[in-house]
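My entries follow in the order in which I looked.

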Amino acid sequence: MFIGGICIFVCRYIGNIYKQVWRFGTPGAYLRLVLVDAVAGLIFVSLQLIQWPMRIPCMHAFSISVINLIMSLSVRLMYQYIYENAGRSSRFGQILRIIAKVFAGLEIKAGSPDATSVKNKKIKIAIVGAGRIGASLADDLLKNPRSAYQPCCFIDIDKRKIGREIAGIPVLSREEATQEKLDAYPIQEIVFAFSGMTAEQKKRLYEHYQRMGCKLKVYDYPMKQADGEGRRQLREFDIEELLFRRPLLFTDENTAEFYRNKTVLISGGGGSIGSELCRQIAKMHPQRIIILDVNENDTYDLQQSLRIAYGASLDLRVEIASVCDRDALDQIFAHYHPQVVLHAAAHKHVPLMEHNCCEAVKNNVFGTLNMVEVSEKYRVQKFIMISTDKAVNPTNVMGATKRMCEMIVQSRTNSGTKFSATRFGNVLGSNGSVIPLFKKQISSGGPVTLTDRRIIRYFMTIPEASQLVLQSGAMAKNGELYVLDMGKPIKILDLAENMIRLSGYAPYIDIDIVETGLRPGEKLYEELLIKNEELDKTANELIFVERDKPLEASAIDDKLAILREALATRNDDAVRNALKKAVPTYHDPKQVNASASTLEQLKSTEKAG
């Protein structure tokens, strides 16, 4: 026995068993204990055979080793169990505290007298996915007395798990998880805890469980580890996830190589798109980034976040100036001599620009002209302008000014600078997006307002838009107008209903949805960006080049002269009329919306909704 004890002690010491805090013992720690004791048992048996070669003591030694292992495991498991349950204020918890005091000398405090009521106040959840991720979530919640959530059941499709329990929690099939069954627990929130789902599968699950009237959430562990965050997070659905499509990634090594060791200037760098462009480029090891913006507050926030992230390794400069100030632009370009210019500065809010037509033309059209001319003067290698789908057959001042900007950029074919423009749709989460408005309206109890139930829009995320700009800029040769295949359009009504359901409310019952009427210059739909008969393919199957013949420089000068003359009057109506002359595709919104219901595009979307 003495020899056996020595073998076990030495092996456990070498195997670091005594360094383990068994209150937090894991399956791996218990498995290591089993393996170490197995090795000790083999050594013990071997020593017995050496000492008494003519006898067969193996069974006796084996029995001693097994009994020792069982006792070791039992003591440690009981120790862990007592620590996890002795804090209860019940009689069972009191008994466990006495056992811990008598046999181990442990002082474990009882929980608060109202522990039961605290448990009853916890949010009851059903976990969709009884795999490793779902079990990890349930284990975390059960072991944390301060958790606000109480897992009541799992929902899974694996027949091997259905009808069984995980950590004492029953596993239901999707068919068993009826409204009545969930109400019986009663479930308040449903948490998705799985990975590897396609967008279509996620959409089907979302649509199935949103009918239950519960708030839907997502468990981000271990998925977020891929992004370097490594944090467990129980959160609501991101707005991007309501698109139910795989996020598009555009940038590649060729794109990164293009921006590496270059001085890049981003106008409007403090805005939604501009700031993301700065963040993306910062990852590509540029020689220098220059943020040009007239808004000092957003620009300052961006500057601080980039300095925290990159420190002295990123040469970052900030210039507060307007693109309308030609002298300031001259001074900035003369000082830095940027090699690449990303022009994101613009007034973009449609209703505001309808009532500030002069300012829209001044900033968007002539601000862009200033940036173009200064870029040519200081021999910028590439100039990439950020445009919008509202420039396609525009019905508002903002869209018409952006179309005029596209024409200016495309006309510079004989320049030493390579020009291009990139056009995309609505950006989720950007300043002025409908999403923040819906969130505020839902949090205040509603109603949620939208201008027309029939409105459809193309959506993309801020990273997608920024990566598109960067890759199209890297591949640009001169004068191209790039467009993105953004997939199917989305009804704003569907988006509003989904956001209400995600917040745990029922549309039209808990929170109403009200139409307010189309705003000035607003379309019921945005034109399809992708019309294959009018586009050329690029190396990226999602990026196309529109076949748009550029105007001669003289024609552009004539259009600019018309706009200058109108601007001199400081009369919005005069500038709007001049803009209609300069941009032939600028149509009256009432006329376009009146005929929208006959369009196959709108009809098909309404059927899909």
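**Cysteines**

I began with Cys153, which counts as buried at 1% relative accessibility, where buried means under 20% relative accessible area, exposed over 50% and partly exposed in between, with a 1.4 Å probe and protein chains only. I note that this is a predicted model, in which local features need pLDDT of at least 70 and side-chain atom pairs count only at pLDDT 80 or more, while totals for chains, interfaces and linings use all residues. Residues are numbered from 1 along each chain as its sequence is written, and side-chain values use heavy atoms, with hydrogens and water left out.

I then looked for disulfides, taken as pairs of cysteine sulfur atoms within 2.5 Å, and the count came to zero. Cys153 is accordingly in no disulfide, and the nearest cysteine sulfur, that of Cys152, is 6.7 Å away. I also looked up Cys405, which is buried at 0% relative accessibility.

**Aromatic rings**

I paired rings of Phe, Tyr and Trp (its six-membered ring) when their centres lie within 6.5 Å, calling planes under 30 degrees apart stacked, over 60 edge-to-face and the rest tilted. I found five aromatic pairs by this rule. Phe192 is buried at a relative accessible area of 3%, and Tyr209 is buried at 1%. Ring pairs link these two and Phe194 into a cluster.

I next looked for charges over rings, meaning NZ of Lys or CZ of Arg within 6 Å of the ring centre and within 35 degrees of the ring normal. The charged end of Lys262 sits over the ring of Phe258, 4.7 Å from its centre, and Lys580 lies over the face of Tyr586, 5.7 Å from the ring centre.

**Nonpolar cores**

I took a core as a set of buried Ala, Val, Leu, Ile, Met, Phe, Trp, Tyr and Cys residues joined through side-chain atoms within 4.5 Å. The largest has 50 residues, of which Met371, Met404 and Leu563 touch the most other members. Helix H14 (residues 357-377) gives the most to this core, with 10 residues.

How values were computed. Helix = DSSP H or I, 4+ residues; strand = E, 2+ residues; numbered from the N terminus.
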